[in-house]
Amino acid sequence: MLTSGMDFGRKCHGWIDLVAIAVLAAVLAAPLCTAQNAPAVPAPSILDRLNSMISGGNGAWTPEQVANMERLRDAAMKDPYALNELRHLTDDIGPRLSGSPQAQQAVEYVAAEMRALGAEVTLEKAQVPHWVRGVETAEVVAWPGQTPGTTQKVVLTALGGSVATPAEGLTADVVVVDDWKQLRALPPGAVKGKILLFNRKFDKEMAAVGDGLNAYVGGVVYRGAGPIAGAAVGAVAVLVRSVGGADYRLPHTGLTMYTDGVPRIPAGAVTAEDADLLKNLTSQGPVKLHLTLTPQTLPDAPSYNVIADWKGTEHPEQVVVVSGHLDSWDLGTGAIDDGAGVVVSMQAIQLLHELGLHPRRTVRFIAWMSEEEGSQGAAAYMADHKDQFANHIGAIESDLGADHTTGIYYAGKPELGRWLRPVAQVLDAIGAGNLASSADTGEDIDGLTAKGVPSFAPVQDSRTYFNYHHTAADTFDKVDPKHLSENAAVMAVLAYALADSAQPAPR
Ligand SMILES: [Zn+2]
């Protein structure tokens with residue numbers, strides 16, 4: 001599914017080889033805020049469904065443990081804990097950009113909330129990027145058919161990590177390409193000194209049938225690698241068509257990449273409407289754009305993953321991770337990405353506390369830091385816990401919003417699906433009884449997955465997620481309380497099941 005990026009390297013021009021390497025590196029390295037290769041939700045076969053419904057039996061769990069799962073499920077559906085926590089994180093604290101005062105405030109707040117529940121809390125340090133957004137404006141200042149003395153506004157936002165234009169902006173002609181192939185077909189020098197726009201359209205139909213993630217992946221490679229590819233052919237700035245599904249003239253930010261040996265040029269995302277405008281105008285003749293982006297990259301800042309252990313009674317050294325990422329982009333308030341993932345993970349601890357449940361193994365809540373800007377928090381965790389992966393029994397992350405969940409993704413041995421059936425039966429009552437294998441379950445737990453730790457994620461309806469993702473519209477109101485509760489139920493039931501089974505999950 002990432003071949004639109006990889007195929008780019010098959011020609012003989014030197015710069016294309018360079019770009020191909022850079023694109024490949026960027027594709028491999030760029031955090032997409034969600035698992036990059038997660039497949040579409042595969043519908044379970046009729047046989048699978050029947051088996052799961054009629055097989056009966058409690059598998060790795062006693063009837064009492066299954067009853068506890070049902071209690072957790074029902075409590076999650078009634079208790080507004082996650083919703084209240086989300087309201088505080090988004091409305092009271094606000095956006096939580098890596099390295100920002102709000103991110104630090106969120107760290108301290110979540111740690112205090114977990115301590116209040118009796119969890120053992122530690123803040124684990126990670127050095128994180130500290131990029132700050134500045135002015136971001138653009139106007140078309142010359143085009144065919146222009147009324148003398150007028151300009152046209154272009155709505156855009158800087159991509160995360162972008163370098164700045166001069167403070168007064170830069171003015172240059174615009175070249176529009178729809179994809180790598182069109183870039184490759186341009187004559188030599190066609191982009192030199194110009195602003196290059198990648199006009200790759202988001203596949204709304206793919207998103208509409210439930211495969212939002214792959215629609216996103218198809219476009220995000222341009223966001224990640226566009227500035228490298230543009231700079232390699234002499235562009236002075238790169239713009240990308242926003243990677244998102246709704247047409248409300250909203251720009252979508254997100255991380256972009258640079259690489260050594262290629263100039264770092266300013267990069268922004270224009271709205272779908274403005275990409276169409278520039279495409280239309282450039283098809284008629286020369287178009288000049290004045291572009292001003294003044295973000296700053298400050299020195300890396302100290303920050304923290306928040307770790308809260310609900311200690312196991314028999315094997316406290318064995319841990320089940322339940323997690324989301326606490327940082328967010330700064331245009332909205334990070335409600336669906338990924339405040340929701342944090343609060344449904346917090347609720348897993350809160351429900352264990354409320355119901356007085358103390359599983360055999362430790363349930364470890366983690367609020368990851370800086371997923372959006374390179375997953376530095378997850379990298380620090382992998383380094384700090386490198387001798388403990390055998391004791392990581394399972395890892396769960398929620399990072400695809402908080403819409404209706406239909407079940408559980410699992411990464412690991414195929415028998416995990418069969419092993420989880422009693423858990424799926426408990427969740428079937430809220431419509432979340434499907435089990436689907438997936439190569440990836442979450443950006444922050446990918447490292448654990450790669451070490452052989454069975455990993456999991458709620459299967460979330462992604463049809464509208466990418467309408468709001470990384471925009472100013474990612475705000476508290478986008479989260480449906482009932483759907484959030486379903487996600488909390490999946491996290492709590494699954495965390496408990498993994499932490500209290502007689503034998504650990506197969507690996
Ligand atoms: Zn995210």
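The protein chain holds 17 helices and 16 strands, where helices (H or I, at least four residues) and strands (E, at least two) are DSSP runs numbered from the N terminus. This is a predicted model, in which local features need pLDDT of at least 70, side-chain atom pairs count only at pLDDT 80 or more, and totals for chains, interfaces and linings use all residues. Residues are numbered from 1 along each chain as its sequence is written, and side-chain values use heavy atoms, with hydrogens and water left out.

Of the 507 residues in the protein chain, 59% are buried (under 20% relative accessible area, with a 1.4 Å probe and protein chains only).

Now for the inside. A nonpolar core is a set of buried Ala, Val, Leu, Ile, Met, Phe, Trp, Tyr and Cys residues joined through side-chain atoms within 4.5 Å. The largest one has 90 residues, and Met-114, Leu-326, Phe-365 and Leu-484 touch the most other members. Helix 17 (residues 481-500) supplies the largest share of this core, 13 residues. Leaving aside residues up to four places away in sequence, Leu-484 touches Ala-82, Leu-83, Leu-86, Ala-340, Val-343, Val-344, Ala-402 and Val-479. There is also a second, separate core of 51 residues, with Ile-228, Leu-239, Met-257 and Leu-291 among them.

Next comes helix packing. Helix 5 (residues 81-93) and helix 11 (residues 335-355) have axes that come within 8 Å and cross at roughly 135°; axes here are lines fitted to C-alpha atoms over the stretch in contact, with angles from 0 to 180 degrees between N-to-C directions. Helix 5 is therefore oblique to helix 11 (angles under 35 degrees count as roughly parallel, over 145 as roughly antiparallel, 65 to 115 as roughly perpendicular and the rest as oblique). On the helix 5 side, the contact includes Tyr-81, Glu-85 and Leu-89, and on the helix 11 side Ala-335, Gly-339 and Met-346 are among the residues involved. Ten of the contact residues are nonpolar, four polar and one charged (Ala, Val, Leu, Ile, Met, Phe, Trp, Tyr, Cys and Pro count as nonpolar, Asp, Glu, Lys and Arg as charged, and the others, Gly among them, as polar).

Helix 5 also meets helix 6 (residues 101-116), their axes coming within 10 Å and crossing at roughly 155°, so helix 5 is roughly antiparallel to helix 6.

Definitions and conventions. Contact = heavy atoms within 4.5 Å. Buried < 20%, exposed > 50% of the residue type's maximum accessible area, 1.4 Å probe, protein only.
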